[in-house]
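Please work through each task before reading its solution.

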Amino acid sequence: MLDAGPGRKGRKMENLTDLADRYGSDKGSAKHRYTELYHMLFHPYRQRKITFLEMGLLIGGPEHGVDKDRKTGDLPSIRMWLEYFPKARIHGLDVSDFSWFEDERFTFHRCDMDSRDEIARAAADIPAPDIVIDDASHASHHQQNAFLEIFPRLKSGGLYVIEDLRWQPDTYEVEGITKTAALLRSYIDERAFTHSDPEVAARFNALRPQISACIVHPVRYQKKRKDQVAVIHKR
């Protein structure tokens with residue numbers, strides 16, 4: 001594919017799925033195929049000086065029963081984003097330590113998604129993002145904590161993505177809590193958020209004026225499969 005972005009006329013730029021496959025990210029063709037959607041959504045941002053935030057940086061953390069202080073040895077998706085967005089400031093947030101990774105355009109923030117206060121403190125250190133991807137623990141209350149703290153900080157016109165809606169880890173999931181997929185579906189169907197906790201419902205509904213669109217895609221984009229990835233666009 002030829003991408004004639006500023007200063008790159010005629011230069012071949014790699015498709016996001018190809019980058020994911022090369023760096024070993026599960027967002028690519030071998031597993032989730034998220035990058036097919038992301039390439040379409042993110043391509044207009046590719047040569048812009050955006051702020052990009054990804055939460056959850058490497059598979060195999062506490063959501064799989066592994067200690068949060070595990071040894072971490074790679075950042076496949078961050079390497080992918082740094083190459084895909086050559087002018088972006090990339091921020092990564094995780095409960096495990098990735099401070100060893102050095103790149104002049106990357107900043108790491110260590111944060112426990114169980115705590116809205118910790119999320120708020122981390123978010124305060126990040127300039128208003130243009131794009132956010134939540135690929136962290138996938139626990140419903142973690143996803144919801146993050147959205148309530150970070151979506152209001154998103155730039156107007158920005159995109160907020162939540163991955164892996166179909167799966168919540170036994171290690172973290174709170175019994176009786178409304179699943180994030182069901183929460184988002186309630187908004188899509190009724191234009192109002194419904195939640196088992198009235199306070200959480202009220203907080204989400206307070207954000208409705210900031211939401212211009214919410215789209216939920218099924219696993220591998222196949223209509224009869226479970227909800228998998230959500231994209232929320234900010235007014």
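**Exercise 1: Helix H6**

The buried residues of H6 pack against H5, S5, H7, S6 and S7. The model is predicted, so local features need pLDDT of at least 70 and side-chain atom pairs count only at pLDDT 80 or more, while totals for chains, interfaces and linings use all residues. Residues are numbered from 1 along each chain as its sequence is written, and side-chain values use heavy atoms, with hydrogens and water left out.

Task. Identify the buried residues of H6, and describe the backbone of Arg191 just after this helix.

Solution. 
- Step 1. Helices (H or I, at least four residues) and strands (E, at least two) are DSSP runs, numbered from the N terminus.
- Step 2. Buried means under 20% relative accessible area, exposed over 50%, and partly exposed in between (1.4 Å probe, protein chains only).
- Step 3. In H6 the buried residues are Thr180, Ala181, Leu183, Leu184, Ser186 and Tyr187.

**Exercise 2: The nonpolar cores**

Task. Determine how many residues the largest nonpolar core has, and state which elements each supply at least two of its residues.

Solution. 
- Step 1. A nonpolar core is a set of buried Ala, Val, Leu, Ile, Met, Phe, Trp, Tyr and Cys residues joined through side-chain atoms within 4.5 Å.
- Step 2. The largest such core has 33 residues, and those with the most contacts inside it are Met55, Phe147, Ile150, Phe151, Tyr160, Leu184 and Ile232.
- Step 3. At least two residues of this core come from each of strand S1 (51-55), helix H4 (116-124), helix H5 (140-150), strand S5 (159-162), helix H6 (180-190), helix H7 (198-206), strand S6 (211-218) and strand S7 (227-234).
- Step 4. A second, separate core has 30 residues, including Tyr45, Phe85, Val161 and Val229.

**Exercise 3: Met55 and Tyr160**

Task. Is Met55 buried or exposed, and which residues does Tyr160 touch?

Solution. 
- Step 1. Met55 is placed in strand S1 and is buried, with a relative accessible area of 0%.
- Step 2. Contact means heavy atoms within 4.5 Å. Not counting residues up to four places away in sequence, Met55 touches Leu93, Met113, Val132, Ile133, Asp134, Asp135, Ala136, Ala146, Ile150 and Tyr160.
- Step 3. With the same exclusion of residues up to four places away, Tyr160 touches Met55, Val132, Asp134, Ala146, Phe147, Ile150, Phe151, Leu154, Ala230, Val231 and Ile232.
- Step 4. Met55 and Val161 are 106 residues apart in sequence and 10 Å apart in space, C-alpha to C-alpha.

**Exercise 4: The largest pocket and His138**

Task. Characterise the lining of the largest pocket, then describe the surroundings of His138.

Solution. 
- Step 1. On a 1 Å grid over the protein atoms alone, a pocket is an open set of points where a 1.4 Å probe fits, with protein on both sides within 12 Å along at least five of seven lines; lining residues have an atom within 4 Å of a point.
- Step 2. The lining comprises 33 residues, of which Leu58, Ile59, Glu63, Asp135 and His138 lie nearest the pocket centre.
- Step 3. Helix H3 (76-84) and strand S2 (89-94) are the elements that give two or more residues to this lining.
- Step 4. His138 is in the loop between strand S4 (131-134) and H5, and is buried with a relative accessible area of 6%.
- Step 5. Leaving aside neighbours within four places in sequence, His138 is in contact with Gln143, Glu163, Asp164, Trp167, Gln168 and Pro169.
- Step 6. A polar contact is a pair of N or O atoms within 3.5 Å; within protein, one must be able to donate a hydrogen and the other to accept it, and residues adjacent in sequence count only if both atoms are side-chain atoms. The side chains of His138 and Asp164 form one of 3.0 Å, and the His138 side chain reaches the backbone oxygen of Ala136 at 3.2 Å.
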